[in-house]
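Hi everyone, thanks for making time this morning.

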Amino acid sequence: MNELGIQPFFILSAFLFVCGVVCIASKRNAIGVLMGVELVLNAANINLVAFARFNPAFRLDGQVFALMVIVLAAAEAAVALAIILNFYNNHATVDVDSADELKG
Amino acid sequence: MFDVPGRIYVVATLLPLAAFVVLLIAGATRSFYRPFRKQGGFAGSMYWICGGDKPLKTGAYLATGCMAVAAALGVYGLVSFLADPSEGSIRASRWAERIDWVRIGPLDTSSPPEWERQRAADTTRATPRLALALELGYKIDHLTAVVFAMVTVISTLIFIFSIGYMKDEAHETYEDHLVHERVGKVGEHHGDGHDSHSAAAHHGYHRRGRFGRFFLYLSLFCFSMLNLVIADNLFQVFVSWELVGVCSFFLIGFYYERPSASAAANKAFIVNRIGDAGFLIGIVLAWSYCGTLNIEELTRRVRSPDRDSHNTYELANQVIRVNATPVVGDAIPEYELPPIEEAGTGTHVLLFPLAWPDPTHFHGPGYGKHKDKSFEVPAKRDYLSYGVMPYALFVLMGIGIFLGCMGKSAQVPLQTWLPDAMEGPTPVSALIHAATMVAAGVYLVGRCYPLFAPEVLLFIAYIGAITLFISATIALVQTDIKRILAYSTCSQLGFMMLALGVGGWIAGLLHLITHAFFKALLFLCSGSVIHGCHHEQDIRKMGGLWRKMPVTAFTMLVGVLAISGAPFLSGWYSKEQILSAAMGYGLEHKRHILLLVLPFLTAGLTAYYMFRLWFLTFVGKTRDTHLAEKVHESPWVMTGPLVLLAVFSVGVAWGWPFWDAEASYLGHVLKESQPAFVAVQFAAEHHEAEHRHLTAGALALLLAVSGAWLAWWFFGWRQPAESEMYRPGGPGYRFLYGKWYFDELYDTTIVNPTVMLATVAAAADKAPTDKTAPPYVTLPTLDGILNAMAELFVVVGRSLRAVQTGRIRTYALTLALTAVAVLGILTALAK
């Protein structure tokens with residue numbers, strides 16, 4: 001298993017990250033944006049776990065960080081979904097482009 | 001209490017303060033509970049107890065009672081001080097005390113053991129302080145005791161007089177016609193002013209009477225004045241000095257609804273600040289070089305001791321000047337006496353130790369066999385070693401202290417406030433602006449006399465001579481009864497300053513006391529006249545009043561005779577001494593002959609203008625018929641003090657034999673506290689004065705009689721017609737009537753440029769709101785610059801707000817791109 005190396009993990013993580021960012025930037029549906037955020041977080045998680053595997057100095061910390069990110073993602077999703085629900089109640093839509101009340 | 005009889009004076013000083021505090025609290029309580037006056041209960045009754053709607057007279061009686069007790073204590077203190085048989089240090093400890101108020105340096109506990117030993121051995125001196133402290137203290141000597149008794153007695157009489165004079169203020173509403181007249185003059189024309197009263201009778205400005213407030217201010221004034229008199233250090237003097245200044249301000253502006261009164265109050269306060277700035281400079285110089293503000297210690301620091309431990313000293317009580325000697329390296333700087341033929345010159349003044357390292361054996365500086373000729377001055381100052389002070393700064397210190405006195409005592413060029421101060425009620429003019437506060441300047445010069453270099457004394461003499469002459473010439477032509485007296489006060493204060501400057505220490509301070517009595521008398525008489533004539537002050541309208549108000553007329557005649565120097569009245573003794581001192585000085589120093597000519601000339605002028613005042617007011621027939629009908633004599637509460645003051649004006653300076661001006665008992669009492677050096681420094685002048693004093697007296701009398709005769713000829717015998725008096729005079733007359741145009745000069749040189757500068761500053765600060773303003777206000781203003789900066793930020797912000805689209809996708813993209821860009825930059829930098 002060791003012959004696989006760390007690069008494929010980086011590539012996968014970068015791919016996932018870019019997918020996430022593109023998703024955030026292009027989706028008009030708020031749920032879709034939220035999914036993009038999940039992708040970005042998980043890209044980071046892959047990085048962390050990969051470091052935990054390949055860097056002895058990072059063995060335990062990487063795992064703990066990853067767990068932390070999962071918990072954080074859950075919390076963030078809860079808050080974001082509550083916001084979206086509220087937004088839907090007020091505007092009858094989840095289109096993020098129509099949410100421009102904070103325009104300068 | 002009884003083993004320190006000096007505390008009588010502390011009690012007497014605090015009594016008026018107690019009256020002040022009670023009146024203040026009562027007034028504040030009354031105002032506080034005023035909203036509840038219609039309700040009953042505690043709040044409502046507090047309002048009625050503390051005064052209610054109508055001003056209570058109780059406060060005035062309380063203040064007068066406190067002042068009367070203070071006067072009794074003052075006189076008792078004077079008698080027991082004079083009768084005190086103790087001598088030297090025991091006497092000093094019985095009549096002086098001092099405590100630390102604010103201590104800046106460490107206490108004596110950190111002093112070296114050697115010092116403790118010496119202090120234990122040296123019981124003859126007051127304990128010198130090792131560290132700096134602001135102190136409170138009092139010191140009673142003959143001068144203080146006499147001045148204290150004078151102030152309290154005159155104050156009491158004036159308080160009593162005020163109860164009568166200010167009785168209009170005790171009404172629920174007081175009608176101030178002058179406020180109306182000033183406002184009315186813009187709209188309606190009163191002609192020559194004859195009928196102004198009938199027009200204004202029903203339209204005066206109405207307000208509540210301020211009976212209590214008047215006595216409140218007077219009490220505070222008396223406390224401050226008494227505190228000034230008993231103070232033993234310059235700091236305490238300065239505090240009281242400012243307090244009397246502010247009381248003067250309050251009382252000049254007592255009728256503050258009148259624009260002229262509030263302007264006069266401001267003028268008095270501001271002009272006095274100019275003098276006080278100088279005073280402060282003097283105090284700071286004394287503090288930083290001598291390390292103490294106690295006047296007695298300052299004297300011991302700058303003047304050599306009476307005697308050394310061998311009881312011989314040829315340079316006793318001198319200001320000793322020394323020269324610096326060249327110093328090599330870090331050695332302690334040394335100073336030495338100049339060669340004996342150049343004695344009295346030198347760049348520095350030697351400051352003496354307050355205690356000698358060995359009190360039983362010391363020599364002090366001098367040219368004798370065992371004397372010290374050179375001195376080490378350690379960098380760290382203490383009171384066991386010599387110090388030095390540059391002579392220029394020593395002179396500056398004296399001039400600075402005298403500047404304060406010039407402001408308070410209204411000496412040229414700071415005299416302009418005193419005549420305007422007559423806007424205040426007449427008892428105030430009598431008490432503050434004639435008898436006591438303005439004399440405080442003279443008193444302080446007398447107190448700080450040992451701190452003045454010969455140059456400063458000459459300066460004082462010239463200022464006094466110029467003042468006495470200028471003020472007397474102005475008084476010749478004035479027509480307002482109080483203004484004549486105001487200029488006469490300036491002039492008499494000039495006499496006192498002149499006397500002090502030419503070495504007549506006793507003469508100057510004796511005149512202070514006698515002048516206080518007869519000038520208070522004159523002012524109260526003028527107050528009685530004004531009261532009787534229903535606030536008419538123009539002597540051109542009066543005349544023949546002696547039939548209507550005989551007591552006022554004859555007591556005033558006593559005052560006029562006293563101030564003119566009629567023999568055997570109090571003014572004669574003091575003025576004769578002043579003139580002979582001036583004559584002695586003028587003949588001894590021919591270059592300063594002006595100091596002889598001016599006072600003699602002015603003695604004649606004084607008699608002329610005072611008799612002119614008296615004849616115009618009381619003799620002949622009343623020129624304003626309207627006035628003649630309503631004139632009446634004042635009630636006994638006003639004439640009683642007049643009679644008492646007249647008695648004092650006659651006899652306060654008497655001695656035995658009374659035909660000898662030098663035999664004045666008061667003069668002998670004052671001589672006890674004359675600084676010791678005066679007799680040495682002015683020995684030749686005093687000798688000359690002694691020699692000439694009959695000549696001086698005869699000449700002064702001759703001039704006074706001719707002045708009085710001229711006044712009688714013009715105004716008593718050859719009664720001028722009314723029209724003649726309103727005729728405009730020639731240029732000389734107008735020059736004098738315009739008070740030498742001092743006010744105009746100051747307006748042109750100081751006031752107007754200042755106002756102009758302020759206008760320019762205001763214009764530079766603020767965008768113009770007045771479109772008709774002169775062109776310079778359209779220059780770029782500070783307001784404009786600041787507004788332009790604010791405008792810039794508004795423009796930048798407006799353009800930046802476009803970035804905030806409010807779209808979450810834009811933000812995310814921007815975030816991502818920024819992250820990429822930052823990573824790219826970091827990567828590029830890492831290579």
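Let's begin where the two chains meet: 11 residues of chain B are in contact with 12 residues of chain A. On the chain B side of that meeting place, the residues split into 5 nonpolar, 3 polar and 3 charged. Please keep in mind that what you see is a predicted model.

Now to chain A, and to its helices 1 and 2. Helix 1 covers residues 7-26 and helix 2 covers residues 30-54. How do these two helices of chain A lie relative to each other, roughly parallel or roughly antiparallel? The angle between them is about 165 degrees, and their axes are 7 Å apart. An angle over 145 degrees counts as roughly antiparallel, so that is what helix 1 and helix 2 of chain A are. Helix 1 of chain A also passes helix 2 of chain A in a left-handed crossing.

You'll find A:N90 in helix 3 of chain A, which runs over residues 59-91. Is A:N90 buried or exposed? A:N90 has 10 C-beta neighbours inside 10 Å, so it counts as exposed. For a sense of distance, A:N90 and A:V49 are 41 residues apart along the chain, and their C-alpha atoms are separated by 41 Å.

Helix 6 (residues 142-165) and helix 15 (residues 426-435) of chain B pack at about 160 degrees, with axes 9 Å apart. That angle makes helix 6 of chain B roughly antiparallel to helix 15 of chain B. The crossing of helix 6 of chain B past helix 15 of chain B is left-handed. Among the residues that meet here are B:I154, B:I158 and B:F161 from helix 6 of chain B, and B:P427, B:A430 and B:L431 from helix 15 of chain B. The contact divides into 8 nonpolar and 3 polar residues, and no charged ones.

The second pair is helix 16 (residues 437-447) and helix 18 (residues 481-501) of chain B, at an angle of about 0 degrees and with axes 10 Å apart. Helix 16 and helix 18 of chain B are therefore roughly parallel. Helix 16 of chain B contributes B:V438, B:V442, B:V445 and B:G446, and one of the partners in helix 18 of chain B is B:L493. This contact has 7 nonpolar residues, 2 polar and no charged.

Next, how well covered are helices 10 and 32 of chain B? Helix 10 of chain B, residues 234-252, is mostly covered, with 15 of its 19 residues buried. Helix 32 of chain B, residues 808-830, is hardly covered, with 1 buried residue among its 23.

One last stop: B:H361 sits in the loop between strand 7 and strand 8 of chain B. With 10 other C-beta atoms within 10 Å, B:H361 is exposed. B:H361 and B:D308 are 53 residues apart in sequence, and 7.8 Å apart in space from C-alpha to C-alpha.

Methods: Residues are numbered from 1 along each chain as its sequence is written. Chains are lettered from A and ligands numbered from 1 in the order in which they are written. This is a predicted model: local features need pLDDT of at least 70, side-chain atom pairs count only at pLDDT 80 or more; totals for chains, interfaces and linings use all residues. Two residues are in contact if their C-beta atoms, placed from the backbone, lie within 7 Å. Ala, Val, Leu, Ile, Met, Phe, Trp, Tyr, Cys and Pro count as nonpolar, Asp, Glu, Lys and Arg as charged, and the others, Gly among them, as polar. A residue is buried if 20 or more other C-beta atoms lie within 10 Å of its own, exposed if 12 or fewer, and partly exposed in between; C-beta atoms are placed from the backbone. Helices (H or I, at least four residues) and strands (E, at least two) are DSSP runs, numbered from the N terminus. Axes are lines fitted to C-alpha atoms, for helices over the stretch in contact, and angles run from 0 to 180 degrees between N-to-C directions. Angles under 35 degrees count as roughly parallel, over 145 as roughly antiparallel, 65 to 115 as roughly perpendicular and the rest as oblique. A crossing is left-handed if the near helix is turned anticlockwise from the far one by less than a right angle, and right-handed if clockwise. The expected span of a helix is 1.5 Å times one less than its number of residues.
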